[in-house]
Amino acid sequence: MSKKIRNNPLGIKLNRRNFIKGSAMGLAASALPLTKKADASFLDVFFQKHFREMSKQEIQEVLDRFEKTYSEEYGKKVSVKATPAIPGVLFGYGLDLSRCIGCRRCVYACVGENNQSRDPQIHWITVLRFKNGEKWVDLENSESYYNPAEVPEPDHFYMPVQCQQCENPPCVRACPTQATWKEPDGIVVVDYNWCIGCRYCMAACPYGARHFNWSKPNIPPDELNPETHYLGNRPRYNGVVEKCTFCIQRTRAGKYPACVEVCPVGARKFGNLLDPASEIRYCIENKRVFRLKEDLNTYPKFYYFFAT
Amino acid sequence: MAEIIRNFFKALRQITIGDRKYYMWLAFLSFFIFVGLAAYVQQLNRGLIVTAMRDQVSWGLYISNFTFLVGVAAAAVVLVVPAYIYNFKPIKEIAILGEMLATTAVILCILFVMVDMGQPTRIWHLLPFVGAMNFPSSLLAWDVVVLSGYLVINLTIFLYALYKLSLGKEYSLQFIAPLIILSIPWAVGIHTVTAFLYNGLSARPFWNASILAPRFLASAFCSGPAIMLVLFQIIRKVSRIEIEDKAIFKIAELIAYAMCLNLFLFGAEVFKEFYSGSIHLAPMKYLFFGLHGKTSMVPWMWWSVILNITALILFLTPSTRKNFLTLNTACICMLMGIYIEKGMGVVVPGFVPTTLGEIYEYSPTNYEILITMGIWALGAFIYTLMLKFAIPVYTGELRFESKKNKTA
């Protein structure tokens, strides 16, 4: 799939007749949106306020509405929560590069947990492969489409990259509509109902962490994770940006992110940076950690280190 | 009141009634507009997946055209400066045509941004008060402010001037002069802000170079006037408006200086990148030599360099500058050169290689090309209608009724 995306300036071929026919029908459909979705919910969605401007009661109404819509669409009970940040918590992440074997289990655990589109595929985690002994901070020499029969491969090491949850996030600064922001617990979130899909944040992100829904996301109903968060893994729209949220729906409920839990070699660490007794604090204080592209002063809360 | 309605219908009749050639031209444009619209409806239904843009290269042909057209819009100032400040008569009389072009270009800019949006119905989120405009932090919010301001200023200037002229009166400089003075820094402003939009992103080394804004301005002062030169010649051929050769040659001279500056700034950038040879050279290398065997931009960029240099020589030499055949060749060369250099040549290398080092070769799909052509055709359509009304007002063939006129 990834290969396909890469080489694909589009397998779509235009047959003139179909093209004109489809366009005429589409024109009619889009000219009359109300006949298609003549219920009030269409207008509710259109006029929905910015998440942070809504009162508690308004948020509850919105959550109820989405639970209803998603449950109908996917044919099972879907819960949409908006659990707020826990006071005194600032989430931080650690990744032990000497342990990572490049198996990409984290990538697919993330897809399942966070309801990313399966077709076209969206991955919030990219695992880069580097050759031992060659320069590697120069990411141009990395390979993200490696596909061997078995990992780890000799003479290679791996470096997973996902949203670095910057303390000084360039994407938040760039967004023209304040549709993305940093929560009090340090997680950068997107309001999928406020994003206009201009993709300026994607241009601003130094880590390739933001992903766009180029078409309507496609999740098989039986694979949908029904435990969702409004700012996290609820199903997304066509034409909006999404990103890793440290599994906001899990971490705010006291659980580990899915990628941490699934990692077979324990390369991934997660915890509260404000808690001196946390594992992540131990790593930062006792290992030689570094952060990606530190020269850009984005202050990621994502620490890489070599434990051995 | 009745007078206003009568005058409105008079204007409407002027726009809708024309000769065979006029209708054929409009029909020709309408065809492309319709095809573009049809393609856009498909894009709305299926998503931006019909384009070749992907997460790796998340902006493409649309934003390239936007960037180019901001330059065209800004360049109206080149005509306005000498006309009003130095009172250079031959240009002053045609400055209004430049303001109309600027207005059209801004409208096209807005359309190109609209078609690039994933959720165009949410555009109101961008507005202050009703939406949640991220001002002053987001440069895109700045761009919304300056572009809409520029649109208002230019619309006001030329509508006011035309209104006065249509009543057979001289326009009052007292009202219009401050606006014109304001429009000059504002024109520089829209292009600077658009450059800063790219420039401010530390994630993209190719854009994160201070030379970007000056380069944008220099190339705008080439492409905008070059379009005007071609338009002026068409206008004086199809209408009774007289545009002196002197004015045309003066503009050509201005273009020559702008092109010198543009190439100089380009050279400065090439030197810095290649001589220092850091890892940030990669996008530049991708443009001119290809990277890891990916070379789809290379022929375009070399064509752009060749076209720009050819245009410079033709504009710089007085004998070729004053010969309409070579002058027009130079204009076309320059427009094509700048369109490549400043469109895809600026936008795509910002994304190649990606922030994680991937090389995705972007090349626009038919959808993108059809939609782009549709928007350009719409621009030509709008400008034609504007001219259809403005030209007879200008030459005095069309006059509105007013009480004063009757008593006089």
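Colleague: Into which domains is chain B divided?
Modeller: This is a predicted model. The domain bounds come from an automatic or database domain assignment. Chain B has a domain 1 made of 33-52 + 59-199 + 366-403, and a domain 2 made of 209-363.

Colleague: What distance separates the centres of domain 1 and domain 2 of chain B, and how many residues does the contact take from each?
Modeller: Taken over C-alpha atoms, the centres of domain 1 of chain B and domain 2 of chain B are 21 Å apart. The contact between these domains takes 33 residues from domain 1 of chain B and 33 residues from domain 2 of chain B.

Colleague: Which elements give two or more residues to the side of domain 1 of chain B that touches domain 2 of chain B, and how many of the residues on that side are charged?
Modeller: The elements are helices of chain B: H3 (61-74), H4 (76-85), H5 (89-92), H6 (95-116), H8 (173-199) and H16 (366-395). By class, this side of domain 1 of chain B has 22 nonpolar and 11 polar residues, and the number of charged residues is none.

Colleague: Why are H14(B) and H15(B) described as roughly parallel?
Modeller: The axes of helix H14 (residues 324-342) and helix H15 (residues 344-351) of chain B come within 3 Å and cross at roughly 20 degrees. Angles under 35 degrees count as roughly parallel. H14(B) and H15(B) are therefore roughly parallel to each other.

Colleague: Which residues meet where H14(B) contacts H15(B), and how do they divide by class?
Modeller: From H14(B) come B:Ile340, B:Glu341 and B:Lys342, which meet B:Met344, B:Gly345 and B:Val346 in H15(B). The residues of this contact divide into 3 nonpolar, 1 polar and 2 charged.

Colleague: Which element gives the most to the side of chain A that touches chain B?
Modeller: The contact takes 54 residues from chain A and 49 residues from chain B. On the chain A side, the elements that each supply at least two residues include helix H1 (2-7), helix H2 (16-31) and strand S3 (126-131). The residues of this side divide into 31 nonpolar, 17 polar and 6 charged. With 6 residues, the element that gives the most is H2(A).

Colleague: Over which residues of chain A is the pLDDT below 50?
Modeller: Chain A averages a pLDDT of 89, and 87% of the residues score at least 70. Beyond near neighbours in sequence, one stretch with pLDDT below 50 has 15 contacts in the model, and that stretch is residues 1-19 of chain A. Another has 3 contacts on the same terms, and that stretch is residues 31-38 of chain A.

Key: Residues are numbered from 1 along each chain as its sequence is written. Chains are lettered from A and ligands numbered from 1 in the order in which they are written. This is a predicted model: local features need pLDDT of at least 70, side-chain atom pairs count only at pLDDT 80 or more; totals for chains, interfaces and linings use all residues. Two residues are in contact if their C-beta atoms, placed from the backbone, lie within 7 Å. Helices (H or I, at least four residues) and strands (E, at least two) are DSSP runs, numbered from the N terminus. Ala, Val, Leu, Ile, Met, Phe, Trp, Tyr, Cys and Pro count as nonpolar, Asp, Glu, Lys and Arg as charged, and the others, Gly among them, as polar. pLDDT is the predictor's confidence in each residue, from 0 to 100. Axes are lines fitted to C-alpha atoms, for helices over the stretch in contact, and angles run from 0 to 180 degrees between N-to-C directions. Angles under 35 degrees count as roughly parallel, over 145 as roughly antiparallel, 65 to 115 as roughly perpendicular and the rest as oblique.
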